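User: Please show me how to read the features of a structure such as this one, one at a time.

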Amino acid sequence: MLDVVAALAVVALAAFVIMPHPRSSIGVAELSAEAVRISGEFRKGRTTAISTGGVVDVTVDAGNHRIQVDGANPISVRQEVVLDWITSDRCPIRDGSRALRFLADGRSCGGVMTLSASGREIELRVDWLTGRVEMSPK
């Protein structure tokens with residue numbers, strides 16, 4: 001009888017090890033990395049507007065997890081990350097999504113993006129007056 005119990009325990013352990021385990025959560029480091037990548041896109045838009053002396057839009061398609069600076073390849077944000085994007089009514093709508101507009105002097109229409117995953121949140125704030133991008137845990 002003890003042999004049967006031991007055999008079942010070994011089979012159960014082997015099944016647990018062999019079966020795939022879905023990775024439904026991401027850690028703080030992965031969420032921070034996504035926030036840094038997105039803030040980099042915002043900063044790239046501001047820098048491009050200043051250096052070219054023109055207007056540059058950074059389109060945020062939160063539903064499809066994509067962010068694109070005018071004329072650049074879009075970046076994809078991990079699907080596990082929920083994006084909440086709030087901007088002023090002065091920000092333009094491009095391709096059905098609200099864009100963050102930077103002017104030649106560095107100003108922007110302003111916006112706040114909250115990235116959340118696994119019970120953690122990081123907030124990106126883009127100041128309308130200076131165009132400065134700030135990242136902070138929430």
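Analyst: Let us begin with burial: His65 counts as buried because its relative accessibility is 10%. Buried means under 20% relative accessible area, exposed means over 50%, and partly exposed lies in between, with a 1.4 Å probe and protein chains only. The model is a predicted one, in which local features need pLDDT of at least 70 and side-chain atom pairs count only at pLDDT 80 or more, while totals for chains, interfaces and linings use all residues. Numbering starts from 1 along each chain as its sequence is written, and side-chain values use heavy atoms, leaving out hydrogens and water.

User: Where does His65 lie, and what is its phi?

Analyst: His65 sits in the loop between E1 and E2. Its phi is near 55°, which is positive in a residue other than glycine. Ser118 also has a phi near 55°, again a positive value in a residue other than glycine. Ser118 belongs to the loop between strand E7 (111–117) and strand E8 (120–126), and its 35% relative accessibility is why it counts as partly exposed.

User: Which residues does Gln79 contact, leaving aside its neighbours within four places in sequence?

Analyst: Contact means heavy atoms within 4.5 Å. With those neighbours set aside, Gln79 touches Asn64 and His65. Gln79 itself is in the loop between strand E3 (75–76) and strand E4 (82–87). It counts as exposed because its relative accessibility is 58%. Its C-alpha atom is 9.7 Å from that of Ala117, a residue 38 positions away along the chain.

User: How many helices and strands are there, and in what order do the elements run?

Analyst: Helices (H or I, at least four residues) and strands (E, at least two) are DSSP runs, numbered from the N terminus. The protein has two helices and nine strands. Read from the N terminus, the order is α-α-β-β-β-β-β-β-β-β-β.

User: What is the order of the strands in the open sheet?

Analyst: Two strands pair if DSSP finds at least two bridges between them. Five strands form an open sheet in the order E3-E2-E1-E6-E5, with antiparallel pairing. E3 and strand E5 (93–94) are the edge strands, each pairing on one side only. Strand E2 (residues 66–69) is joined to E3 by two bridges in the antiparallel sense; Ile67 has Ile75 of E3 as its bridge partner. Helix H2 (residues 28–52) packs on this sheet, where it touches strand E1 (56–61), E2, E3 and strand E6 (97–102). The direction of H2 makes about 155° with that of E1; the axes are lines fitted to C-alpha atoms, for helices over the stretch in contact, and angles run from 0 to 180 degrees between N-to-C directions.

User: What is the volume of the largest pocket, and which element gives the most to its lining?

Analyst: On a 1 Å grid over the protein atoms alone, a pocket is an open set of points with protein on both sides within 12 Å along at least five of seven lines, and lining residues have an atom within 4 Å of a point. Grid points are joined across faces, edges and corners, and a volume is the space filled by probe spheres set on the points. The largest pocket has a volume of about 180 Å³. Its lining has 13 residues, of which Thr59, Asp61, Arg66, Gln68 and Asp95 are the closest to the centre. E2 gives the most to that lining, namely four residues.

User: What share of the residues is buried?

Analyst: Of the 138 residues in the protein, 34% are buried.

Note on methods:
On a 1 Å grid over the protein atoms alone, a cavity is a set of points where a 1.4 Å probe fits but cannot get out, and a pocket is an open set with protein on both sides within 12 Å along at least five of seven lines; lining residues have an atom within 4 Å of a point.
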